[in-house]
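Look at the sequence and the model below. The paragraphs that follow take up a charged pair, then a sheet, and then the parts packed against the sheet.

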Amino acid sequence: MEYERKTIEGFDGWYEVDSIGNVYSLKKSYNKPEDWDGKLTFRKQSSGYYQVKFYHEGKNTYHLIHRLVYEAFVGPIPKNMTIDHIDGDKY
């Protein structure tokens, strides 16, 4: 797969995800250095999956990275379906 970045649906103009699972904030934060590239840090859940926190419209929300990648590059996840990693590596 070629490297690509796409906007995260529902957060247009705020957040993007790339094809290797990095998530970026497009808004400049007042407490970040001038050369900050916008890449967000992840938090590992007890299940082993990684999540990222978004702050949007006055609320914090948490999103699983693998689901963000799937939805951005494949499309909506069908109801009652799960997204698994082909190689079993949750990172």
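Is Arg-5 buried, partly exposed or exposed? In this predicted model, Arg-5 is partly exposed, because its relative accessible area is 34%, and the limits for that class are 20% and 50%. Side chains of opposite charge can pair when their charged atoms come close. Arg-5 forms a salt bridge with Glu-16, and the closest N and O atoms of the two lie 3.0 Å apart. The pair links distant parts of the chain, since Arg-5 belongs to strand β1 (residues 5–7) and Glu-16 to strand β2, eleven residues apart. Glu-16 has a relative accessible area of 17%, which means that Glu-16 counts as buried, the cut-off being under 20%. The count of salt bridges in the model comes to one.

The sheet comes next. Strands of a sheet pair through backbone hydrogen bonds, either parallel or antiparallel. Here three strands make an open sheet in the order β4-β5-β6, with antiparallel pairing. β4 (43–44) and β6 (59–64) stand at the edges with a single partner strand each, so one side of each has no neighbour in the sheet.

Between β4 and β5, which run antiparallel, there are two bridges. Arg-43 stands opposite Gln-51 in β5. These two strands form a hairpin with five residues between them, and Gly-48 in the turn has a positive phi of about 100 degrees.

Among the pairs are Tyr-55, which stands opposite Asn-60, and His-56, which stands opposite Lys-59. β5 and β6 form a hairpin with two residues between them; in its turn, Glu-57 has a positive phi of about 50 degrees. How many of the seven residues of β5 are buried? Five of the seven are, and the strand is mostly covered.

What packs on the sheet? Helix α1 (residues 65–73) does, touching β5 and β6, and its direction makes about 80 degrees with that of β6.

The largest nonpolar core has twelve residues: Ile-8, Phe-11, Tyr-15, Val-17, Val-23, Leu-40, Tyr-50, Val-52, Phe-54, Ile-65, Leu-68 and Ala-72. At least two residues of this core come from each of β2 (15–18), β5 and α1. Leu-68 is one of the core residues. Apart from residues up to four places away in sequence, Leu-68 touches Ile-8, Val-17, Val-23, Val-52, Phe-54 and His-63.

Helix α1 also holds His-66. Why is His-66 classed as buried? Its relative accessible area is 13%, and buried means under 20%, so His-66 falls within that class. With its neighbours within four places in sequence left aside, His-66 is in contact with Tyr-49, Ile-83 and His-85.

Terms used: Residues are numbered from 1 along each chain as its sequence is written. This is a predicted model: local features need pLDDT of at least 70, side-chain atom pairs count only at pLDDT 80 or more; totals for chains, interfaces and linings use all residues. Side-chain values use heavy atoms; hydrogens and water are left out. Two strands pair if DSSP finds at least two bridges between them. Helices (H or I, at least four residues) and strands (E, at least two) are DSSP runs, numbered from the N terminus. Contact means heavy atoms within 4.5 Å. Axes are lines fitted to C-alpha atoms, for helices over the stretch in contact, and angles run from 0 to 180 degrees between N-to-C directions. A nonpolar core is a set of buried Ala, Val, Leu, Ile, Met, Phe, Trp, Tyr and Cys residues joined through side-chain atoms within 4.5 Å. Buried means under 20% relative accessible area, exposed over 50%, partly exposed in between (1.4 Å probe, protein chains only). A salt bridge is a side-chain nitrogen of Lys or Arg within 4 Å of a carboxyl oxygen of Asp or Glu.
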